[in-house]
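Subject: Structure for your review

Dear colleague,

Please find below the structure that I am handing over to you. My notes on what was found in it follow directly after it.

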Amino acid sequence: MTERIIEVADGFWNIRGVFRIAGFINIGTHASLVRRNDGSFVLIDSYTLPDDVLRQVRDLTDQGKDIDAIINVHPFHTIHVESMYQQFPNARLFGSQRHKHKAPGLTWQDVDVDDPEMNVLFDDLQFSVPAGVDFISDDPNIHFSSVLVYHPASKTVHVDDTFNYITLPIVGGFSFHPTLGQALEARPGATDDFRRWARDVATRWGDAQNICAAHNGNLTGIHDFGERVRTALKRSERTLKKHERRL
């Protein structure tokens, strides 16, 4: 995986980046550039853009002047926040409470990314926060939850970690992140809340045709997003029932 920008659909570009585990295993990361209905742009997630990608983004956005906002949707994806803000300092900056704690010197918007008000501020995007799981886990190794973003105009979902799409035979495919069992809230009803949330996403975003996932790869040109989510939920039942038995 190399650093590059990919036009996923009209008005939606995905930026593939490099993220190495133990210094040498590249599992990849990403950000997305989205053109809104009024012609302005938003960046979803932060990544330090290399010169070639930065030039392409600037060409698309009138040298960055049309980028209205940078929206950081995963509380534990914080490495590139400051450098992307330096690349586009005039953009409004959104993030979670953890982003604000990690980079207190930046000019953050008052509205947190997991606040329902995001759907009002950006009415041509749809935001969804997984229910029944910790949004910001006490364990920094639990990266399950993030705010999912759907861009109906391009029928594209941007997701960090919550959904995985792995381009490997046998063990690959579309699934929930393996830390689901550790992320579930320690209370009765958490698993039912999670099931309802997943089914709601499957229904409301059922016409999605593209999924841009943080690690490993993208899934494009599909016509069964809702069914894929429902199948992933069924495959997670063992994990959910195990959690129920512990309470």
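Arg 238, Arg 245 and Arg 246 of helix α8 are exposed (over 50% relative accessible area, where under 20% is buried and anything in between is partly exposed, with a 1.4 Å probe and protein chains only). They lie on the other side of α8 from its buried residues, which are Glu 237, Leu 240 and His 243. Seen down the axis of α8, these buried residues fall within an arc of 125°, so they line one face of the helix; the arc is that of the directions from the helix axis to the C-beta atoms. Helix α8 covers residues 237-246; helices (H or I, at least four residues) and strands (E, at least two) are DSSP runs, numbered from the N terminus.

Please note that this is a predicted model, in which local features need pLDDT of at least 70 and side-chain atom pairs count only at pLDDT 80 or more, while totals for chains, interfaces and linings use all residues. Residues are numbered from 1 along each chain as its sequence is written, and side-chain values use heavy atoms, with hydrogens and water left out.

The cover over the buried residues of α8 includes α5 (180-183), α6 (190-204) and α7 (225-235). As for α6, its axis and that of α8 come within 9 Å and cross at roughly 155°; axes are lines fitted to C-alpha atoms, for helices over the stretch in contact, and angles run from 0 to 180 degrees between N-to-C directions. The two helices α6 and α8 are therefore roughly antiparallel to each other (angles over 145 degrees; under 35 counts as roughly parallel, 65 to 115 as roughly perpendicular and the rest as oblique). In this contact (heavy atoms within 4.5 Å), Thr 191, Asp 192, Phe 194 and Arg 195 of α6 meet Glu 237, Leu 240, Lys 241, His 243 and Glu 244 of α8. By class, 2 nonpolar, 2 polar and 5 charged residues take part; Ala, Val, Leu, Ile, Met, Phe, Trp, Tyr, Cys and Pro count as nonpolar, Asp, Glu, Lys and Arg as charged, and the others, Gly among them, as polar.

Helix α7 has the buried residues Phe 225, Gly 226, Val 229, Ala 232 and Leu 233. Viewed down the axis of α7, they fall within an arc of 125°, so they line one face of the helix. The face turned away from this buried side carries the exposed residues Lys 234 and Arg 235. Among the elements that cover the buried residues of α7 are β11 (156-159), β14 (210-213) and α8.

Turning to the strands, an open sheet of 5 strands runs in the order β9-β10-β11-β14-β15, with mixed pairing (two strands pair if DSSP finds at least two bridges between them). Its edge strands, β9 (126-128) and β15 (218-219), each pair on one side only. β11 pairs with β14 in the parallel sense over 4 bridges, and with β10 (residues 148-151) in the antiparallel sense over 3 bridges. Val 157 has Ile 211 as its bridge partner in β14, and Tyr 150 stands opposite Val 157. From β11, Thr 156 and His 158 point one way and Val 157 and Val 159 the other way, and all are buried.

Finally, Ser 32 lies in strand β5 (residues 29-35) and is buried, with a relative accessible area of 0%. Leaving aside neighbours within four places in sequence, the contacts of Ser 32 include Phe 12, Trp 13 and His 158.

Yours sincerely
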